[in-house]
Amino acid sequence: MKAFSYERAQSPQAAIDAAARKPGSHFIAGGTNLLDLMKLEIETPAHLIDINALKLDQIESTPEGGLRIGAMVRNTDLAADARVRRDYAVLSRALLAGASAQLRNKATTAGNLLQRTRCAYFYDTNLACNKRSPGSGCSALGGVSRQHAILGTSESCIATHPSDMAVAMRVLDAVVETLQADGSARRIPIADFHRLPGKTPNVETELKLGELITAVVLPKPAGGRHIYRKVRDRASYAFALVSVAAILKRDGSGSLAFGGVAHKPWRDVDAESALPEGAKAVASRMLKDAKTTKHNAFKLALVEGVIASVIREAGADA
Amino acid sequence: MHESADRLPLTRRHVLQIGAADAAAAAVSPGLLAQQPQTAAQTAPVILGTSITVNGEQHALELDTRTTLLDALREHLKLTGTKKGCDHGQCGACTVIVNGRRINSCLSLAVMHDGDSVTTIEGIGSPEDLHPMQRAFIKHDGFQCGYCTPGQICSAVAMLDEFDAGIPSHVSENLEQAPAINDTEIRERMSGNICRCGAYSNILDAINEVAGART
């Protein structure tokens, strides 16, 4: 790990001020992904600003009937919150499907959104990776790509976003609230928060230099049956091959967001409008531009399979 | 090292470090700089004072900021019961309880635990006065090589508190009811602790005995 200086910020404003003062700063929340990457020197911040004391650890009701989730709310606490369990069950389910209890006790809401890919070629500093070292090439393209993306990929990168929570946030149409470096607040819809790789897979989100996530806001509950289905290589504590966050209505309509298929949580509103026609109709619309490798072509069938599975589950409960 | 760096602000090593960092900064695209401000020049090691209470005893430590909680426990406080397995949060051997919650001590910086209260396996029980979970692991042979055992036991003890707090899991059938304590729930909740010897069925028996005795 490279050496770094450290300070503990006491307020969001103090945190962004500190970041502006010290070039090479990085905010640290739970640290469960950042420290992993710092040990491998994939991340090499010169200065860490600890934001654990910012008091952004509350979940509050909004005037619109939704919830404002503080950036520092731990994954365990968010999943266990009675309002989330009752009104946003897909979010509880997605959180509980991710990582281990130890990690969920530390990992935060904002940090979860900012997780970096688990692509093995991003992690292996001996190999080319456009995300880690722009312009060096993509080792995954000719490599073992079983875990990799099939939608929204580019010549530069076929990595996936690893988060389960973010997939649920996408189906719930959450909004990310931030404090920008100039002290002004802004709201970024989750649909726009994560980027596709394009030619700059190293730029993963819309956040600007020194910008701090302060909260994630959920709109008022949408009702419906909430399901999170995750398919992975072992029954627990593994990243998704394919996952789906589903909110399904009694009339057969609904919303779907997918993990494990793209560089960001994937939502296709046109495809999900075919839900009343069944899984095959949704999958064929959603996957018409899919690009697979010989290792991950199985994800095409898996996507259809998880859609069929959640439709069946919702139907069984109706 | 910190003191000598203060007295000699510009050593040869320092110059080489700055030179290398400048070269690295020049090689990256503007996009990378915007996304990854951490490509700025590296600093010399930074030492900070940190006060951590471990197993009820307060310790004032002077630590390189890079020191993980795990290394602070093992290398500085010589509490070697907590084990380093993967050092990347994948195996759970380093599990300790901080302010009542189990975490991976390898994925946490010691300086971030200033003022915190940590319980390690040495604080769970002693050879003379074993914790019920330790006794159950011995009785049921919940280990073979024993390397993952301190993490398994710390994790299991904290897990029972999570049941008490009503925290649901991936396998809880109903999110709005108190979770049942059964094999499926325990297996899921202990999935962050890997046992290379595969003593899982005995670990499950040990935890079940303690969980059953409590309810």
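Across which strands of chain A does helix α1 lie, and at about what angle does α1 run to β2(A)? In this predicted model, in which local features need pLDDT of at least 70, side-chain atom pairs count only at pLDDT 80 or more, and totals for chains, interfaces and linings use all residues, side-chain values use heavy atoms, with hydrogens and water left out. Residues are numbered from 1 along each chain as its sequence is written, while chains are lettered from A and ligands numbered from 1 in the order in which they are written.

Helix α1 of chain A, residues 12–21, lies across β1, β2 and β3 of that chain and runs at about 155° to β2(A). Helices (H or I, at least four residues) and strands (E, at least two) are DSSP runs, numbered from the N terminus; contact means heavy atoms within 4.5 Å; and axes are lines fitted to C-alpha atoms, for helices over the stretch in contact, with angles running from 0 to 180 degrees between N-to-C directions. The three strands form an open sheet in the order β1-β3-β2 (chain A), with parallel pairing, where two strands pair if DSSP finds at least two bridges between them. The edge strands, each pairing on one side only, are β1 (5–8) and β2 (25–28) of chain A, and the twist from one strand to the next averages 25°. Four bridges in the parallel sense link β2(A) with β3(A), which comprises residues 47–50, and in this pair Phe27(A) stands opposite Ile49(A).

Chain B has nine helices and five strands, which follow one another from the N terminus as α-α-α-β-β-α-β-β-β-α-α-α-α-α. Of its 215 residues, 47% count as buried, and residues 24 or more positions apart account for 52% of the contacts in chain B with a separation of 6 or more. The chain exposes about 10,200 Å², of which carbon and sulfur atoms supply 52%; accessible areas come from the Shrake-Rupley method with a 1.4 Å probe, and for residues only the protein chains shown count as cover.

Within chain B, strands β3 (residues 95–98) and β4 (residues 101–104) run antiparallel and are joined by four bridges, with Val98(B) opposite Arg101(B). These strands form a hairpin with two residues between them, and Asn99(B) in the turn has a positive phi of about 50°. A positive phi, of about 60°, is also found at Asp141(B), which is not a glycine and is located in the loop between α6 and α7 of chain B; at 46% relative accessibility, Asp141(B) counts as partly exposed.

Helix α9 of chain B (residues 200–214) has 15 residues and reaches 21 Å from its first C-alpha to its last, close to the 21 Å expected at 1.5 Å a residue, the expected span being 1.5 Å times one less than the number of residues. Its buried residues include Ile203(B), Leu204(B), Ala206(B), Ile207(B), Val210(B) and Ala211(B). These residues lie on the same side of α9(B) because they cover an arc of only 165° around the axis, the arc being that of the directions from the helix axis to the C-beta atoms. What covers the buried residues of α9(B) includes α6 (132–139), α7 (149–164) and α8 (183–189) of chain B.

Terms used:
Buried means under 20% relative accessible area, exposed over 50%, partly exposed in between (1.4 Å probe, protein chains only).
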